[in-house]
Amino acid sequence: MYKIQSEKKDYLILFLVGLILLFFRSAYTLLVPCIYTEDGVWMSSILNNGFLNTLFHARGDYLVCGNILLLGIVLLLNNMLFGENLNYLPQLVTIVHYCFYSLFALLPVICFKKDVRKSFRLLMWFLILTVPLGISAMEVMGKISNIGYLCYDIAFLLLFYKIRNRQELGKLPLAVVDILLLICCTTHPGSYVLVGTAFLVDMAIQIKSMESKSFLCKIQNLFSSYYNREWILLGCFCVAFASYDIFVLTADLYDGMGIGFTPETKLTVEFISRFFI
């Protein structure tokens, strides 16, 4: 128990030190704040069209749920601290991004705990916080619009942690990891490939390791595990959201070529998506 509490204290210290490093690295984004690119467009959409509508219709080609969730947190904090005064939105966007990036840098320290010595994990943490971004630094640091690119890396780290710690993870931590994986998939479409590959490989390894000769018995044994039921549920959600992304993207491409889907087809898919989403 003392060891667990000590680890949590270490993680908290690393998170806070990460915030300080990010501030000194890109203090300009906090001291001279501005709303940049889609941050303003999507927050305006949340305020005018509602959070849920923007969550699933921010872009016309694929979902960016992670970005919208963070912007929703920004607006929630602004409402709690400043009410209807929106003058401090840019500063809050920067602070929320600092927190997100500091947590991202902390992930390798947590996920590789069993496999990498502490000194190397701390080196990874430091390198993530200080990686050069060149002339694009001001477009990335303190801006939520570009966090989607990190979701692919976050998905990899979470998948490694999930599979590596399958025996130790309780129901609540496993559910949290799966929800975060789903958010990564609905923010960076490349994460679907990672999750799908990890799912198929993990299932294949488990089936192969079972002693029963009957394939049906092996499938039944898979479903008897809460860990696998969570896997399958996550897979179903990923397939559903990926299918929606593919349809919307295909519809846009066909429209650009002058082919397009019939209005009835688009209306049906839009109705189904709104019904479930």
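Trainee: Why is Ser45 called buried?

Mentor: The cut-off settles that: buried means under 20% relative accessible area, exposed means over 50%, and partly exposed is in between, with a 1.4 Å probe and protein chains only. Ser45 has a relative accessible area of 16%, so it counts as buried. Before we go on, this is a predicted model, where local features need pLDDT of at least 70 and side-chain atom pairs count only at pLDDT 80 or more, while totals for chains, interfaces and linings use all residues. Residues are numbered from 1 along each chain as its sequence is written, and side-chain values use heavy atoms, leaving out hydrogens and water.

Trainee: Where does Ser45 lie, and what does Ser45 touch?

Mentor: Ser45 is part of helix α3, residues 38–49. Helices here are DSSP runs (H or I, at least four residues; strands are E, at least two), numbered from the N terminus. A contact needs heavy atoms within 4.5 Å. Not counting residues up to four places away in sequence, Ser45 touches Gly50 and Thr54. Ser45 and Leu55 are ten residues apart in sequence, with their C-alpha atoms 9.6 Å apart in space.

Trainee: What makes Ser26 buried?

Mentor: Its relative accessible area is 2%, which is under the limit, so Ser26 is buried. Ser26 sits in the loop between α1 and α2 (28–31). Leaving out residues up to four places away in sequence, Ser26 touches Tyr98, Met138 and Met141.

Trainee: And how do you know that Cys238 counts as buried?

Mentor: By the same test: Cys238 has 7% relative accessibility, and so it counts as buried. Cys238 belongs to helix α13, residues 226–256. Its contacts, not counting residues up to four places away in sequence, are Leu182, Cys185, Tyr192 and Val195. Cys238 and Leu181 are 57 residues apart in sequence, yet 9.3 Å apart in space, C-alpha to C-alpha.

Trainee: How much of the protein chain counts as buried?

Mentor: Of its 277 residues, 39% do. The chain has 14 helices and zero strands. Among contacts with a separation of 6 or more, 71% are between residues 24 or more positions apart.

Trainee: How do you know that the span of α7 agrees with what a helix should span?

Mentor: The expected span is 1.5 Å times one less than the number of residues. Helix α7 (residues 118–130) has 13 residues and should therefore span 18 Å; its end C-alpha atoms are 18 Å apart, which agrees. The buried residues of α7 are Arg121, Trp125, Ile128 and Leu129. They cover an arc of only 100° around the axis, which puts them on the same side of α7. The arc is taken from the directions from the helix axis to the C-beta atoms.

Trainee: What is buried in α10?

Mentor: Leu174, Val177, Asp178, Leu181, Leu182, Cys184 and Cys185. Seen down the axis of α10, they fall within an arc of 155°, so they line one face of the helix. Leu172 and Ile179, on the other side of α10, are exposed. The 15 residues of α10 reach 21 Å from first C-alpha to last, close to the 21 Å expected.

Trainee: What about α5: how far does α5 reach?

Mentor: Its 18 residues reach 25 Å from first C-alpha to last, close to the 26 Å expected. The buried residues of α5 pack against α3, α4 (51–57), α6, α9 and α10. Gly83, with a positive phi near 65°, follows α5.

Trainee: What makes a space a pocket?

Mentor: On a 1 Å grid over the protein atoms alone, a pocket is an open set of points with protein on both sides within 12 Å along at least five of seven lines, and lining residues have an atom within 4 Å of a point. The largest pocket holds about 1,100 Å³ of space. Its lining has 35 residues, and Leu107, Ile110, Leu158, Val176 and Leu180 lie nearest its centre. Helix α6 gives the largest share of that lining, nine residues.

Trainee: Why is Leu158 called buried?

Mentor: Its relative accessible area is 5%, so Leu158 is buried. Leu158 lies in helix α9. Apart from neighbours within four places in sequence, Leu158 is in contact with Leu107, Val177, Leu180 and Leu181.

Definitions and conventions: On a 1 Å grid over the protein atoms alone, a cavity is a set of points where a 1.4 Å probe fits but cannot get out, and a pocket is an open set with protein on both sides within 12 Å along at least five of seven lines; lining residues have an atom within 4 Å of a point. Grid points are joined across faces, edges and corners, and a volume is the space filled by probe spheres set on the points.
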